[in-house]
Amino acid sequence: MPTAHTSTTGHRNRLAATTSPYLQQHADNPVDWWPWCDEALALARDTDRPILLSIGYSACHWCHVMAHESFEDPTTAELMNRLFVNIKVDREERPDLDKIYQTAHQLLAQRAGGWPLTVFLSPADRRPFFAGTYFPREPRHGLPSFKQLLQGVERAYRVQKEAIEAQNESLMEALAALEPRTSGALPERSVLDAALRQLEESFDAEHGGFGRAPKFPHPTNLDLLLHQHGRSLASGRPDQALLEKALFTLERMIRGGLSDQLGGGFCRYSVDDRWMIPHFEKMLYDNGPLLALCCDAYALTAEPLFREAAVATADWAMREMQSPEGGYYSSLDADSEGDEGRFYVWDREEVRSLLSPGEYAPFAAVYGLDRPPNFEGRWHLHGYRTPEAVAEDLGLESAEVQALLAAARATLYAARERRVRPGRDEKILTAWNALMIKGMARAARVLDRPDYLESAEQALGFIRQALWRDERLFATYRDGTAHLNAYLDDYANLLDALLELLQTRWSRADLDLAVALAEVLLDQFQDPVDGGFWFTGRDHEALIHRPKPLSDEAIPSGNGVAALALQRLGHLIGEPRYLEAAQATLKLAADSIRSMPYAHATLLLALDELLDPLETLIIRAGDDLLDPWRRAAQRGAGACRLVLAIPSDESHLPGTLVAMVAGERPRIYRCRGTQCDPPLESLADLQSGS
């Protein structure tokens, strides 16, 4: 239980001792905040006061706005303290609570949720009876003021208890009805084609991406397009349209304002169709998958743009997001000095004064300083034109313009570093670290960067040391404290990241950890009756609902990642329980996938590999051949081959790998699913298809 803290205002406040920077931002509010804990829930029951549950995260712009307008206001705080038990939750530490109450918001308000999420709960059973998101200080845009809302909700709780109880029963029935029911059959392969058609219909052919503003990167959809393009290549019937959609979208995001043109890394989403003006926070969970996608795009095309974007993203993660202890921090704030985007935007004359005339001319033409301002009277750097087109207009060689642009970016980056930086959320989340470890491992392999592998291994080492205890994971760490039982996303994504690392370099310890994680997934999270995985483990705190999330959200679906990773590990070590768990998950998800195929890209990848298992190559050789053979086998393989290079003197191997013991000659073992070919003696045999 967190220790009590007396704020400077004199009101009791218990948030200062928590591990969440978001909660700590509210530690000196005049609001009598509690973290989510048994004591706060008991207080609400004992005093019959409704719970005001406020959920947000530290990089959230509108969370800051509502805090400044309402939570820092003594008059508003007096109402909150008198009428409610006030609980503040970091959605990144408690995604279990966020998932439940975001879904409840959608059912109650009949519209999508977001952050800050504002939910009022009945004290006896924690069921929500009113929900919204941001509420203003004064009435506007059809919304009541927050103070009006507080008084109205509390009055409704007192005089409409029977109606609220009836509504709560209906809400619980609706939550239960949302949960998937197994059909007992796998989805048909045709759902893959249906998903691709849906992506085609929503594709923005002018600017890339899917749908209209606000525009999110949706890396899982891009991953599906690249994967299916790889399948089409392997079949001898290449579908270039799939590749072109993915590459065009990625190119526009890289060139546009979604990408930090000076410091690397991607922002969370664009508020416009053109990827020009982002919501400026940078989240670790976006950048790990986007790093992997940039590497895949470079491997397919050899285009320098994709390599440069991958390098910029990986360098940013190491420079700004990796802690001295090894783990990666969570996010950078959208705001600095009280204004959104202030750190990133420019005055034109400031840029002109910092650059030489020769640098300024191409820089202004590429990044739009020769156009009207695009962000509140200032300029956010956005690639309106390509360097090649500008070089032609200026009568310069392309390489010369690229050099001038690089020099200009370096100068502006150095100047920007002298500004007040956005806040950084320095908690370390297991699932988000796993996504970045996977991206870094892919970058190390594709770009031949040992420093990226070292970064990934440092992060994994930190997880082993600080977040893996007694064969179980914790979800979060900060300032020496690891706590909160890990969720499905933590186990599934870390298992997936380990399989990526094993393709970059062999480690028996990593394989052992992967197996241990898989066993916890089956023991704690799997539904042995209907299949699939709950978001929380069997011994997790009892909440009003226990969801099995299937569709991809900002990060890939935990059920999808679990099914995909368990299949790959099951085939690798010959463990049928893992294969059966993956298959049961896809059977559970069949109806959900059929209803909205494109929203289940990660599960579709698992389905594709179940119906047509990937080719897996196991290379056994000495040090002189091991790495060259691995590189050659991985070159151009795309998404349709897993390659593991195991030293010939490694004899402690599990399952199906036991047969691949050290011998007198180096060999390559080629398998698909549970079927393996006779071993090959050389790369020439592999390349000839013999």
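User: What counts as a contact, and which residues of α9 meet α10?

Analyst: Contact means heavy atoms within 4.5 Å. Helices here are DSSP runs of H or I with at least four residues, strands are runs of E with at least two, and both are numbered from the N terminus. This is a predicted model, in which local features need pLDDT of at least 70, side-chain atom pairs count only at pLDDT 80 or more, and totals for chains, interfaces and linings use all residues. Residues are numbered from 1 along each chain as its sequence is written, and side-chain values use heavy atoms, with hydrogens and water left out. From α9, L222, L225, L226, Q228 and H229 meet Q240, L242, L243, K245, A246, T249, L250 and M253 of α10. This contact divides into 8 nonpolar, 4 polar and 1 charged; Ala, Val, Leu, Ile, Met, Phe, Trp, Tyr, Cys and Pro count as nonpolar, Asp, Glu, Lys and Arg as charged, and the others, Gly among them, as polar.

User: Good start! How is α14 set against α15: parallel, antiparallel, perpendicular or oblique?

Analyst: Two packed helices are described by the angle between their axes and the distance between the axes. The axes of α14 (residues 357-367) and α15 (residues 387-394) come within 10 Å and cross at roughly 130°. Axes are lines fitted to C-alpha atoms, for helices over the stretch in contact, with angles from 0 to 180 degrees between N-to-C directions. The pair is therefore oblique, the term for angles that are not under 35 degrees (roughly parallel), over 145 (roughly antiparallel) or 65 to 115 (roughly perpendicular).

User: And which residues make that contact?

Analyst: A361, P362, A365 and V366 of α14 meet P387, V390 and L394 of α15. They divide into 7 nonpolar, no polar and no charged.
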